[in-house]
Amino acid sequence: GRDREPPAVPWGLVLAAPALAALLLAATAPPGTLWRVEAFAYDVTSYHLQVPREWLAAGAMVPLRHNVYSLFPGLIECAYAQLGAMRGGVENAIYTAQLFHATLGVFAAVAAGAAVAELASPRAAVFTGAILLSVPWVLVTGSLAYNEMAVLAFGAAAVMVMLDVRSETWRGAAAIGLLVGVATLAKPTAGPLVAVPVGLVLLTRLNHAVRWRQPPQMRRALTAAAVAATVGLLT
């Protein structure tokens with residue numbers, strides 16, 4: 001038979017490989033040994049891992065009077081607590097937590113690329129994902145047991161869904177609201193940085209319908225915006 005050609009290596013993977021390798025390698029370093037720019041992971045050791053550690057010691061997710069960060073929405077910290085419970089202590093789950101957070105960064109890159117693919121070419125989508133992973137702040141925070149990558153991942157996924165035509169249905173709008181709500185549960189600043197911009201983009205559909213006097217589209221746009229806002233707030 002014919003000799004088969006070896007499968008070609010996806011050039012997009014090659015483009016993103018250096019940033020991905022640096023992210024995963026940094027995620028295997030003990031917290032506090034890298035990234036002077038992030039105060040040598042001060043937030044991680046005093047908050048993102050310390051609060052789950054104390055939750056496990058207390059046997060419940062309770063407010064800690066000596067740590068104000070325990071009063072913040074703690075979606076990702078809940079995940080770190082779960083990983084700590086599975087590993088017999090948060091200190092035994094440090095690298096698992098860091099790699100988990102790094103994979104959220106990879107998901108964010110994929111979701112951002114998928115969103116761009118709806119607007120431009122697959123090549124632009126690949127560049128988007130590679131560039132996102134190459135941003136120094138993504139490398140720094142993504143390699144730590146932080147919560148930034150969850151904001152990027154859920155935010156990019158919300159934009160990806162929003163660019164799909166099915167987002168004009170109530171189910172699509174509910175998915176968008178759920179994603180921006182979860183992003184805000186991961187970090188409160190995702191409210192003004194993710195949820196509000198996504199909501200404003202949803203409202204631009206209403207502006208288009210009003211401008212061209214299209215009552216059915218106006219109703220769809222209003223319904224989608226209302227459903228997304230309601231689900232986001234409930235989340």
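1. Helices (H or I, at least four residues) and strands (E, at least two) are DSSP runs, numbered from the N terminus. On that basis Ser143 sits in the loop between helix H7 (136-142) and H8. This is a predicted model, in which local features need pLDDT of at least 70 and side-chain atom pairs count only at pLDDT 80 or more, while totals for chains, interfaces and linings use all residues. Residues are numbered from 1 along each chain as its sequence is written, and side-chain values use heavy atoms, with hydrogens and water left out.

2. Ser143 is buried, at a relative accessible area of 1%; buried means under 20% relative accessible area, exposed over 50% and partly exposed in between (1.4 Å probe, protein chains only). The Ser143 side chain reaches two backbone oxygens, that of Leu139 at 2.8 Å and that of Val140 at 3.1 Å. Leaving aside neighbours within four places in sequence, Ser143 is in contact (heavy atoms within 4.5 Å) with Leu23, Ala26, Ala27, Trp35, Gln98 and Val138.

3. His48 belongs to helix H2 (residues 42-48) and counts as buried at 2% relative accessibility. Its side chain joins that of Glu77 in a polar contact of 2.7 Å. A polar contact is a pair of N or O atoms within 3.5 Å; within protein, one must be able to donate a hydrogen and the other to accept it, and residues adjacent in sequence count only if both atoms are side-chain atoms. Beyond four places in sequence, the contacts of His48 are Asp43, Glu77, Tyr80, Ala145, Tyr146 and Asn147.

4. The largest nonpolar core has 47 residues, and Val44, Leu49 and Tyr80 touch the most other members. Such a core is a set of buried Ala, Val, Leu, Ile, Met, Phe, Trp, Tyr and Cys residues joined through side-chain atoms within 4.5 Å. A second, separate core of five residues includes Val51, Trp55, Leu64 and Ala81.

5. How many salt bridges does a search of the whole structure find? The search finds one, a salt bridge being a side-chain nitrogen of Lys or Arg within 4 Å of a carboxyl oxygen of Asp or Glu. The side chains involved are those of Lys187 and Glu148 (2.3 Å, N to O). Lys187 is in the loop between helix H9 (170-186) and helix H10 (190-211), and Glu148 is in helix H8 (residues 148-162), 39 residues apart. Glu148 counts as buried, at 19% relative accessibility.

6. Leu71 is in the loop between helix H3 (50-58) and helix H4 (75-87). Is Leu71 buried or exposed? Leu71 is exposed, because its relative accessible area is 57% and the limit for that class is over 50%.

7. As for the whole protein, the secondary structure comes to eleven helices and zero strands. Buried residues make up 40% of the 235 residues. Among contacts between residues at least 6 apart in sequence, 67% join residues at least 24 apart. The C-alpha atoms fill a box of roughly 65 × 60 × 35 Å, taken along the principal axes.
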